[in-house]
Amino acid sequence: MSSIPTVYLVGAGPGHPGLLTLRAVECLKQADLVLYDKLVSPLILDHAPPNAEKICVATIAPHHDERVVPIHEAMLAAARAGRRVVRLKGGDPLVFGRGAEEAEVLHAAGIPFEIVPGVTAALGAGAYAGISLTHRACASAVAFVTGHENPHKPESILDWNALAHFPGTLVIYMGMSRLDRIVASLVAAGKDPQTPAAAVHCATLGQQRTITATLSELPRRARDEGVTAPALLFIGQVVALRESLAWFERRPLFGKRVLVTRPPRQAGALVERLLDLGAVPYVLPTVEIRDPADWSPVDQAMGALQKYDWLVFTSANGVHAFLNRLDALGLDLRALGHIHIAAIGPKTAEALRDYRLTPDLVPARFQSEDLAAALLTRMQPGQRVLLARADRGRDVLREQLGSRCTVEQIAVYSQVDTVESDDEVMDALRRGEIEFVTLTSANIARSLLERLDPTCLRRIAAGEIKLITISAVTTSEVEKLGYRVTAEATNATMEGVVEAIMKSI
């Protein structure tokens, strides 16, 4: 058995991170090095371990041909050093992806490899643009054609006469820069210039744009609409069916650019929901969740759990941090057998259920005031409450419960303002490309608004960037800082935030 790890040549799909295969996720989760194509979604890279090295191959050399050899060398060197390599390629590795060339290099070097197929761009673009590649009434075949052949070949090996008379759908990859020439070649070879045609830009993402025209009119229409690469061309009668088959571009948030400001480990659910609704999510964490600087107060409380009557959680983060620490101390759920448990809302309750714990109390509204009021109706005077929370935040629970019982607060996790800035996201904010900013806690709101530059803040003040908050508490923090909230969630949940965005359109 070889001591050299397998190199994985993995298809990343057409763009939407939800179209990644399960096998691709498995490979990414064990990667030490990810060499990825420029068009691969950053959200896909989140499947790799945090400490994995991630290199965009576009940074290796400015031109594609110049980076081929360095990519090969990087794969070989990493594999020989015992590192697990994922070569992450847009679409499918073996459909105009040079995957075969890279596999040949690995084979010649004696390095084991595995090819993981992906959803190729034609399948993704067709499905998301409402263009069926085949149809019993008008297309019994489909041909994938490259519009960008190897420039070093002495002549084209494409048979334009055969393609012009192909009895089905033509899908042309990488053809936007040669669109006039491609159309001229097909028409000159006998293709009906009135054939329905389409160009799909940034397929499967909220940035997707689809234009349709007759074949002869497509180049002019693409110029007029400013449609450029990356895009695929579809030529055939199936394009005429798009009006009844298109679905993605009708999603309620299609094309809306939304900034998610939650910590990385918590942003995923909101990002996925926005993607499903057709939005273009950006992620800019403004706070980071860390272990507390000193575990001793937590450990002391856990060593005396028998003296508490209620254990109260105000976030899913608190649940995970508390129960992970309980395990680290060699304790288990039996230590909580006598304690009543309260959760501030459904997500916190869901986190408890992940550990096979069902909360005894969840208030109807998901705020500290409502949790305190609900607890006061259930508690007996003199009972002892352990409040597991972050190291900063409001003291509402302790203040309101303290009149009837003894409350002890422990910081089971720390919230730290994030200091790093994402240039791409910041530039999008400055240009006004991001329309909505979601603020899911008062700390997140303060951290973001205090770090934005004057250009971004002016756009917020002018209402060009709309602030969407999760609760009245978050809204109050935003207003304290001098800004207006466009919409506030009716329910303090991620779904409530999404509904607030939709109502404000």
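Here are some worked exercises on the structure above.

This is a predicted model, so local features need pLDDT of at least 70, side-chain atom pairs count only at pLDDT 80 or more, and totals for chains, interfaces and linings use all residues. Residues are numbered from 1 along each chain as its sequence is written, and side-chain values use heavy atoms, with hydrogens and water left out.

**Exercise 1. Work out where lysine 191 sits and whether lysine 191 is buried or exposed.**

Step 1: find the place. Lysine 191 is in the loop between helix H7 (179-188) and strand E8 (196-201). Helices (H or I, at least four residues) and strands (E, at least two) are DSSP runs, numbered from the N terminus.

Step 2: check the accessibility. Lysine 191 has 10% relative accessibility, so it counts as buried. The cut-offs are under 20% relative accessible area for buried, over 50% for exposed, and partly exposed in between (1.4 Å probe, protein chains only).

Step 3: Setting aside neighbours within four places in sequence, lysine 191 is in contact with Ala164, Phe166, Leu186, Leu215 and Ile235, where contact means heavy atoms within 4.5 Å. Histidine 165 is 26 residues apart from lysine 191 along the chain, yet their C-alpha atoms are separated by 6.6 Å.

**Exercise 2. Describe the sheet that holds E8, and what packs on it.**

Step 1: get the order. The sheet is open, with 5 strands in the order E6-E7-E10-E8-E9 and mixed pairing. Two strands pair if DSSP finds at least two bridges between them.

Step 2: find the edges. Strand E6 (142-146) and strand E9 (209-214) each pair on one side only.

Step 3: zoom in on one pair. E8 and strand E10 (residues 231-235) run antiparallel, joined by 5 bridges. Alanine 199 stands opposite leucine 233 in E10.

Step 4: Axes are lines fitted to C-alpha atoms, for helices over the stretch in contact, and angles run from 0 to 180 degrees between N-to-C directions.

**Exercise 3. Show how covered strand E1 is, and name its partners.**

Step 1: count. In strand E1 (residues 7-11), 5 of its 5 residues are buried.

Step 2: list the partners. E1 pairs in the parallel sense with strand E5 (residues 113-116) over 4 bridges; leucine 9 has isoleucine 115 as its bridge partner there. E1 also pairs in the parallel sense with strand E4 (residues 85-89) over 4 bridges, with glycine 11 opposite lysine 89.

**Exercise 4. Classify the ring pair of tryptophan 247 and phenylalanine 248.**

Step 1: apply the rule. Rings of Phe, Tyr and Trp (its six-membered ring) pair if their centres lie within 6.5 Å; planes under 30 degrees apart count as stacked, over 60 as edge-to-face and the rest as tilted. That gives 7 aromatic pairs.

Step 2: read off the geometry. The ring centres of tryptophan 247 and phenylalanine 248 are 5.5 Å apart and the planes are at 65°, so the pair is edge-to-face.

Step 3: Tryptophan 247 is partly exposed at 32% relative accessibility, whereas phenylalanine 248 is buried, with a relative accessible area of 2%.

Step 4: widen the view. Ring pairs link Tyr128, Trp247, Phe248 and Phe254 into a cluster.
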